[in-house]
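Dear colleague,

I am passing on the structure below, together with some notes on what turned up in it. Please read the notes with the coordinates open beside you.

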Amino acid sequence: MSALNSLTIAAARDALRQREITALALTEACLAAIEGAGALNAFVHHTPDIALAQAKAADARLAAGNAPALCGIPLGIKDLFCTKGVASQAASNILRGFKPEYESTVTQNLWNAGAVMLGKLNMDEFAMGSSNETSCYGNVVNPWRRGNDTTPLTPGGSSGGSAAAVAADLCLGATGTDTGGSIRQPAAFTGIVGIKPTYGRVSRWGVVAFASSLDQAGPMTKTVRDAAIMLGTMASHDAKDSTSADLPVPDFEAALTGDIRGKRIGVPKEYRMEGMPAEIERLWAEGAAMLRDAGAEIVDISLPHTRYALPAYYVVAPAEASSNLARYDGVRYGHRAKLGAGDGITEMYENTRAEGFGPEVQRRIMIGTYVLSAGFYDAYYNRARKVRALIKRDFEQVFAAGIDAILTPATPSAAFGLGEMADASPVEMYLNDVFTVTVNLAGLPGIAVPTGYDSKGLPLGLQLIGRPWAEADLLNHAYVLERAAGFSGKPAKWW
């Protein structure tokens, strides 16, 4: 058997149940891989003692013969999820030292299923970023490289630590969150699978908030089957989250039949962006051909308000961030600035937030505060809300016309070099989300699947968008695409 940490969740589950390996050995293999991967800067809070204790408990459950699918599976947890007694600071200095006295619903579901926590994963500060360069822990490095070029590449953001850890076999799967593409874009940049479920499918309770009407947690895994297994455990109705849907969670893995004959796949003309690289255009066409060969009908569709999605998103998301992050003021918890003689509460607020928040978070808070202010609320925020409703209606009309899923690129390019966007305007960085933000604005499920490579050997992904609450069908479409593409690439180890 190859290195245990390189196993998929499905393969490890079967080997554990057949007693071919132990959860302890599997966990120790992952911990050793993490120890040797400091150059990637993916894991930022290590919890080996917790991991080994959970692994031993999982072995006991496996021996008793009542083990759920994730029992004994070692996972990485994005630093946005609150984990009881373990640092959970959203990659921000303002939450340095914060150790929650409670567990997020998602992580509690995972531990109840016997999963093992290897540690907390790096991310963009408060999940604001597309390159994992805004973290207080420093940049995450993509395990992939451009051939023999040693330029460090971004793993994408904000779930860059999760993506890098899964791609480098430091863990078998990881949790991510997606507000405008933060699961799907890094998954595409690192050659893994990432699914953002329908808004409300997975509880947000205990997940540090960025934009509450857009945030959604999901799994990041090596395969579509693994994503189905992990999502089945993460998803649940939660009375503690008022936006959580009281719907039964299907058996997502059982839905992976590989049969999509007669399904209608939409290809939206508005996603053919000006200046799109030829290799992305080619990959998209090849993906459509793969689905057609599997028996699906490819249909040209129109989502006319797509062009307004990015500006609408970058009004709505900062507005909600401005409101959510107002609580970090140095009064109740988190960082508090040292006050000089004569300083009052106003200076304490100002200095605390100036010291605690990084530049990108400060930028988005200021944008959000501006668009919510009395003179501009109608001109910006209300108008963006109306555009959001139109974008949602576009999707509703397409699905009502019989479309089962929508195929688009996941990103406008392969992974770029760390620092290459440093001199660019923020808008250029925001354009990385151009194919993904519509899904969040409409509350739909979306999945990124690795399907090919660019001219320099870097992974490229395609995105499938599904009907609301139809993650099972969406995963089956992704499963067909994954099998047809046959992507099996792994980064050559240099770290």
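**Strands 7 and 8**

V267 stands opposite D300, a residue of strand 8. Please keep in mind throughout that this is a predicted model. The pairing to which these strands belong is parallel, with five bridges joining strand 7 to strand 8, the latter covering residues 297-301. Strand 7 itself spans residues 264-268, and because four of its five residues are buried, it is largely enclosed by the rest of the structure.

**The nonpolar core**

The largest nonpolar core holds 163 residues, and the members that touch the most other members are F126, L170, F395 and L475. The element that gives the most to this core is helix 9, with ten residues. For L170, the contacts beyond its neighbours within four places in sequence are C30, A33, I34, A37, L40, A42, F43, L118 and A165.

Helix 1, residues 9-17, has I9, A10, A12, R13, A15 and L16 among its buried residues. In general, an α-helix has 3.6 residues a turn, so residues three or four places apart point the same way. Just after helix 1 comes R19, which takes a positive phi of about 60°.

E253 is placed in the loop between helix 7 and strand 7. Its relative accessible area is 18%, and since buried means under 20%, E253 counts as buried. Between E253 and H45, which are 208 residues apart along the chain, the separation of the C-alpha atoms is 31 Å.

**Backbone points to check**

As background, most residues other than glycine have a negative phi, and most peptide bonds are trans. Against that, the following places deserve a look.

- The peptide bond from G157 to S158 is cis, with omega near 5°, and S158 lies in the loop that runs between strand 3 (116-121) and helix 5 (160-167).
- A90, although not a glycine, has a positive phi near 55°; A90 sits in the loop between strand 2 (74-78) and helix 4 (105-112), and is buried, with a relative accessible area of 0%.
- D169, likewise not a glycine, has a positive phi of about 60°; D169 belongs to the loop between helix 5 and strand 4 (173-178), and counts as buried at 10% relative accessibility.

**A nonpolar surface patch**

Which residues form a nonpolar patch on the surface? They are V331, I345 and Y349, which together have about 250 Å² of accessible area. Of these, V331 lies in the loop between helix 9 (309-324) and helix 10 (345-356), and is partly exposed, with a relative accessible area of 38%.

With best regards

Note on methods:
Residues numbered from 1 in each chain as written. Predicted model: local features only at pLDDT ≥ 70, side-chain atom pairs only at ≥ 80, totals over all residues. Heavy atoms only, no water. Patch = residues over 30% accessible without salt bridge, like charges linked within 9 Å, V, L, I, M, F, W, Y side chains within 5 Å. Areas by Shrake-Rupley, 256 points an atom, 1.4 Å probe, with all protein chains shown as cover. Salt bridge = Lys/Arg side-chain N within 4 Å of Asp/Glu carboxyl O. Helix = DSSP H or I, 4+ residues; strand = E, 2+ residues; numbered from the N terminus. Buried < 20%, exposed > 50% of the residue type's maximum accessible area, 1.4 Å probe, protein only. Core = buried A, V, L, I, M, F, W, Y, C linked by side-chain atoms within 4.5 Å. Contact = heavy atoms within 4.5 Å. Pairing = 2+ DSSP bridges.
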